[in-house]
Amino acid sequence: MITDTIKKICCIGAGYVGGPTMAVIAQKCPDIEVTVVDINARRIEAWNDDDLNKLPIYEPGLKEVVAEARGRNLFFSTDIEKGIREAEMIFISVNTPTKTYGKGKGMAADLVYVERCARQIAEVAKEDKIIVEKSTLPVRTAQAIKSILDDAGNGVRYQILSNPEFLSEGTAINDLHNADRVLIGGDGSTVEGQAAMDALTKIYERWMPREKILQTNVWSSELSKLIANAFLAQRVSSINAVSALCEKTGANVEEVAKAVGADKRIGDKFLKASPGFGGSCFKKDILNLVYICRSLNLDEVADYWEQVIMINDYQKHRFTDKIISTMYDTVTDKKITFFGWAFKKDTNDTRESAAIYVADKLLEDKANIHVYDPKVSETQIFKDIFDLDTRPHEETKKALKVSKNPYEAADKAHAIAILTEWDEFKTYDWQRIYENMQKPAFLFDGRNIVDARELKDTGFKVYQIGK
Ligand code: NAD
Ligand code: UGA
């Protein structure tokens, strides 16, 4: 029997989505026991660390939420079977990266982790359950999950819901507390399907106004998530394309964004030019969308969305080329300091960060890179470059350095490149930085966050994107 009053939830996947999302559900619903399980024992250990500064991910406000709920009704565990067995509702929040092999390589979403979850649930479950897709999945994945579960032949009945997550990293807790909408896709044509949707709705209703909780069919829900990310990424690529045009015409991308965004139909959000969008999802989700379109013989639609990625790659190269050409067409043996490595501020996540690709290209041109990022570890920075597999590790180790202090990182540098928009960069003693740099001292502000006029007065040669 599917019950509409959920008492126990299990979430498979304790990552950037599973961790914060479940922490907030536990915070808002103290009477529901929430267990987050993962195969990664180190990650679970970190979630359980007494020192809240050691949680596996950095998110403003997360520590406080975990402190409130952990041990009360929020648990982190590696006992996946127990979690599955005891829960009435199971969220699947595992990673869905781009496939790196076989059919759909480089485009399609790799569903191996999701399928493993479904098979494990099918094996372990003894009572009826609601399965919630939290991961971002290709449209119609619910069908595959349902088929695996229903064919287990043990009489357990399942309802599959799609409940995609729209949080952004760096603002995850605020996004979860004050979501623009919660999307719940299910089978509203059956009594059981509707009951499952209502059970999940009831959970979100504890803190979300009912009118913000949208119930749709499963396919609309799955597809809406991919489309929401495609639209967001498209805006960034649009403004980045415009930034190139601005640089050639004397227009200023910030002024253009303000003027264009003032139109309520367009809106002023997500119009910041940058060295290219990063993050674990925009690229993979658009590639997946393109793959789905091609599989359905919608080549023109696929081409349209593919351009969003192409402009993003162009922007990363354009920023790197600008650095090299401005520095007299050679960066060989020059020290270039990176302020920022994370893909955006207020996160320690570096997945697909533009910084990685800009650094790789500059290393290719024999520059020495010194990185300072307030939250990203040295190990992660090296791993990001090693993972590209562009050159022997020894070579990278000679040319790449990481500092814990921005002034030290910039000492005797020929240039500084701002890759992430961390607020602290605005408050630095730039006079001091300038004095300790080689001259001419170049500053490439990929995020348009410094006061260019003031820094030009200090003596810097400043380049800002789209200006
Ligand atoms: P993540 O890599 O941080 O976390 C996924 C976790 O799942 C990992 O800890 C991994 O060990 C675990 N896992 C994988 N297979 C497992 C299994 N069979 N059993 C138990 N644990 C398993 O990924 P994430 O960033 O949290 O993203 C998860 C999903 O949410 C993706 O589909 C992503 O597209 C989507 N999403 C992410 C964000 C974001 O901001 N990161 C936002 C919205 C949606
Ligand atoms: C994005 C979406 O905003 C979330 O709604 C979604 O849930 C999530 O992807 C996901 O599915 O993973 P996230 O990647 O965490 O969230 O961060 P964003 O704020 O969207 O930024 C993505 C990238 O675009 C960053 O590199 C950021 O610097 C860049 N960006 C963003 C710009 O260059 N300009 C902008 O105006 C906005």
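**View 1. Arg140 lies over the face of Trp219, at 4.0 Å from the ring centre.** A charge is taken to sit over a ring if NZ of Lys or CZ of Arg is within 6 Å of the ring centre and within 35 degrees of the ring normal. A further case involves Tyr58, whose ring has the charged end of Lys375 over it, 4.3 Å from its centre. The model is predicted: local features need pLDDT of at least 70, side-chain atom pairs count only at pLDDT 80 or more, and totals for chains, interfaces and linings use all residues. Residues are numbered from 1 along each chain as its sequence is written, chains are lettered from A and ligands numbered from 1 in the order in which they are written, and side-chain values use heavy atoms, with hydrogens and water left out.

**View 2. Tyr304 and Trp305 form an aromatic pair.** The whole structure contains 22 aromatic pairs. Their ring centres are 5.0 Å apart in the case of Tyr304 and Trp305, with planes at 80°, so this pair is edge-to-face. Rings of Phe, Tyr and Trp (its six-membered ring) pair if their centres lie within 6.5 Å; planes under 30 degrees apart count as stacked, over 60 as edge-to-face and the rest as tilted. Tyr304 is partly exposed, at 47% relative accessibility, whereas Trp305 is buried, at 8%. Here buried means under 20% relative accessible area, exposed over 50% and partly exposed in between (1.4 Å probe, protein chains only).

**View 3. Tyr407 and Tyr428 form a tilted pair.** The ring centres of Tyr407 and Tyr428 are 5.7 Å apart and the planes lie at 45°. The pair links distant parts of the chain, 21 residues apart: Tyr407 belongs to helix 16 (residues 406–410), and Tyr428 to the loop between strand 12 (415–418) and helix 17 (430–435). Helices (H or I, at least four residues) and strands (E, at least two) are DSSP runs, numbered from the N terminus. Tyr428 is buried, at 12% relative accessibility. Both tyrosines belong to one aromatic cluster, together with Phe339, Tyr372, Phe425, Trp430, Tyr434 and Phe460.

**View 4. Ligand 1 is surrounded by 26 residues.** The closest are Asp38, Arg43, Thr96, Glu169 and Lys284, where a residue is near if one of its heavy atoms lies within 4 Å. An oxygen atom of ligand 1 is 2.6 Å from an N or O atom in the side chain of Asp38, and a polar side-chain atom of Lys284 lies 2.6 Å from a ligand oxygen. A polar backbone atom of Val17 is 2.9 Å from an oxygen atom of ligand 1. Of the 830 Å² that ligand 1 exposes when taken alone, the protein buries 93%.

Terms used. Polar contact = N/O pair within 3.5 Å; in protein donor to acceptor, adjacent residues only side chain to side chain. Areas by Shrake-Rupley, 256 points an atom, 1.4 Å probe, with all protein chains shown as cover.
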